[in-house]
Amino acid sequence: MDKMLCMIVFVALAVASLVQDTTAQTVHVVGDNIGWTIPNNGAAAYTNWAAGKTFRVGDTLVFNFMTDSHDVLQVQKTSFDGCNSQNAIGNPIMAGPANVTLDSAGDHYYICTFGRHCQNGQKLAITVSSTGTPAGANPPTPSNPTTPVVPSPSSSTQPEACAPTPAAAGSSGSTPGGGAPPPRSSSAPGGGAPPPSSSSSTVLASFLISLTSIVLAAFL
């Protein structure tokens with residue numbers, strides 16, 4: 001009984017760890033050490049910072065700034081390019097530091113609306129991908145098993161040396177007209193080649209064997 005209880009606890013912890021790994025989100029501190037401010041080298045500072053990051057839905061952006069000195073406003077691309085708040089998405093965040101959760105995939109644009117802060121480079125553009133799928137990645141296409149091609153007995157590629165001779169044409173067992181009898185197929189009924197075995201059956205069988213071994217070990 002104690003072994004069974006330990007096994008249940010072990011499996012529960014393993015499942016919890018797996019779920020945590022698949023749902024864990026990333027916290028991105030915007031600008032890292034420079035924070036959310038007017039960068040010395042202009043907008044290139046935040047462009048370079050974002051270029052080395054992967055942003056996914058559920059991740060969090062942390063904008064570090066002093067309240068009443070800066071703010072954060074999400075806008076559309078036209079407002080991002082023109083540094084204005086005409087096409088704002090939501091309200092500006094006035095208190096710092098500010099945490100922004102990425103709730104949708106696509107391009108996201110953020111600016112500071114104080115003075116000419118945006119014109120001087122305090123603006124951030126990122127591309128967010130859906131959870132677990134990097135931006136621009138295409139899912140792999142499963143390969144389909146192909147059926148081997150069996151050449152026809154009347155194929156034109158048959159060597160001349162194997163062609164029936166006139167003497168053989170008159171021998172017993174030949175077909176009317178002098179042709180050699182067609183070879184009997186050993187394939188499955190219907191003339192088609194036997195279907196290839198499914199790899200999923202092998203994986204399932206291996207899984208069941210492993211699961212059986214674990215259960216038996218728990219009771220031994």
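## Strand β8 and the cysteines

Mentor: In this predicted model, Ile111 has Lys123 in β8 as its bridge partner.

Trainee: Nice. How many bridges pair β7 with β8, and in which sense do the strands run?

Mentor: Strand β7, residues 106–111, pairs with β8 over six bridges, in the antiparallel sense.

Trainee: And what about β2 and β8, parallel or antiparallel?

Mentor: Those two run parallel, joined by two bridges. Phe55 stands opposite Val128 there.

Trainee: Why is β8 largely enclosed by the rest of the structure?

Mentor: Strand β8 covers residues 123–129, and five of its seven residues are buried, so it is largely enclosed.

Trainee: Switching to cysteines: how many disulfides does the structure hold?

Mentor: It holds one disulfide. Cys83 is joined to Cys118, with an S to S distance of 2.1 Å. The angle about the S-S bond is -70°, and the link is left-handed.

Trainee: Which parts does the pair tie together?

Mentor: Cys83 sits in the loop between α3 and β5, and Cys118 in the loop between β7 and β8, so the link ties together parts 35 residues apart in sequence.

Trainee: Are those two cysteines buried or exposed?

Mentor: Cys83 is buried at 16% relative accessible area, and Cys118 is buried too, at 2%.

Trainee: What about Cys112?

Mentor: Cys112 is in no disulfide, and the nearest cysteine sulfur, that of Cys118, is 8.2 Å away. Cys112 is buried, with 2% relative accessibility.

Trainee: Last one: where does Thr60 lie?

Mentor: Thr60 is in strand β3, residues 60–63, and it is buried, with a relative accessible area of 16%. Beyond its neighbours within four places in sequence, its contacts include Val27, His28 and Val100.

Terms used. Residues numbered from 1 in each chain as written. Predicted model: local features only at pLDDT ≥ 70, side-chain atom pairs only at ≥ 80, totals over all residues. Heavy atoms only, no water. Helix = DSSP H or I, 4+ residues; strand = E, 2+ residues; numbered from the N terminus. Buried < 20%, exposed > 50% of the residue type's maximum accessible area, 1.4 Å probe, protein only. Contact = heavy atoms within 4.5 Å. Pairing = 2+ DSSP bridges. Disulfide = S-S within 2.5 Å.
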